[in-house]
Amino acid sequence: MIRIDTSGIPQLPAELLHEAHSAWERVKCGDGSFKDWNGWLTHPADITDEEISKIKLASEKIRSESQMVVVLGIGGSYLGARAAIDFLKSDKYNLVAKTSPRIFFAGNNLSAQYTQQIMSFAATQSLSLIVVSKSGKTL
């Protein structure tokens, strides 16, 4: 369960605190516009051993068969994947000599040059594409 502890923030105005708690209650209850966007609240508890096994098999296949992984996502979808890689490895991950696939991110940048560079890299390597959409509605 996620809890919001605001006890260490005495300068927070009471009205703002009330609004934050009210918004959190609406999110938890699946009220209104939040109902289609809050699957992350229960996902860790709802995931089955079968799903975890499938994820592990997919990751093993990607590591063994791909030289390059492109993570396609926008906004929070991109940022979640990027933060996980930066936290577990380094933001210089692709510059380190290794046997695991290099990881690139697409969809977060409008630069035609950036997209062309990724496509050029992909043309000469085995590739896995991971499409991330937290809501399932982005695409």
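Visitor: To begin with, how many salt bridges does the count come to? After that, please take me to phenylalanine 105 and its surroundings.

Guide: Happy to! Keep in mind that this is a predicted model. The count comes to 2 salt bridges. One joins the side chains of lysine 54 and glutamate 50, at 3.6 Å from N to O. Both of these residues lie in helix 3 (residues 49–65), 4 residues apart, which is about one turn of the helix. Lysine 54 is exposed, because its relative accessibility is 53% and the cut-off for exposed is over 50%. Glutamate 50, at 55%, counts as exposed too.

Arginine 82 pairs with aspartate 86, and their closest N and O atoms are 3.3 Å apart.

Now for phenylalanine 105 itself. Leaving aside neighbours within four places in sequence, its contacts include Arg82, along with Val71, Tyr78, Ala81 and Ile85. With a relative accessibility of 4%, phenylalanine 105 counts as buried, since buried means under 20%. Phenylalanine 105 also belongs to the largest nonpolar core, whose 7 residues are Val69, Val71, Tyr78, Ala81, Tyr93, Ile103 and Phe105. Strand 1 (68–72), helix 4 (76–88) and strand 2 (102–106) each give this core at least two residues. In soluble globular proteins, nonpolar side chains tend to be buried together.

Next, look at the rings. There are 2 aromatic pairs in the structure. In one, the ring centres of tyrosine 78 and phenylalanine 105 are 5.5 Å apart and the planes meet at 80 degrees, so the pair is edge-to-face. Because tyrosine 78 is in helix 4 and phenylalanine 105 in strand 2, the pair ties together parts 27 residues apart in sequence. Tyrosine 78 is buried as well, at 15% relative accessibility.

The other pair is made by phenylalanine 104 and phenylalanine 121: their centres are 5.4 Å apart and their planes lie at 35 degrees, so this pair is tilted. It links strand 2, which holds phenylalanine 104, with helix 5 (residues 112–123), which holds phenylalanine 121, across 17 residues. Phenylalanine 104 is buried at 16%, whereas phenylalanine 121 is partly exposed at 38%.

Conventions: Residues are numbered from 1 along each chain as its sequence is written. This is a predicted model: local features need pLDDT of at least 70, side-chain atom pairs count only at pLDDT 80 or more; totals for chains, interfaces and linings use all residues. Side-chain values use heavy atoms; hydrogens and water are left out. A nonpolar core is a set of buried Ala, Val, Leu, Ile, Met, Phe, Trp, Tyr and Cys residues joined through side-chain atoms within 4.5 Å. Buried means under 20% relative accessible area, exposed over 50%, partly exposed in between (1.4 Å probe, protein chains only). Contact means heavy atoms within 4.5 Å. Rings of Phe, Tyr and Trp (its six-membered ring) pair if their centres lie within 6.5 Å; planes under 30 degrees apart count as stacked, over 60 as edge-to-face and the rest as tilted. A salt bridge is a side-chain nitrogen of Lys or Arg within 4 Å of a carboxyl oxygen of Asp or Glu.
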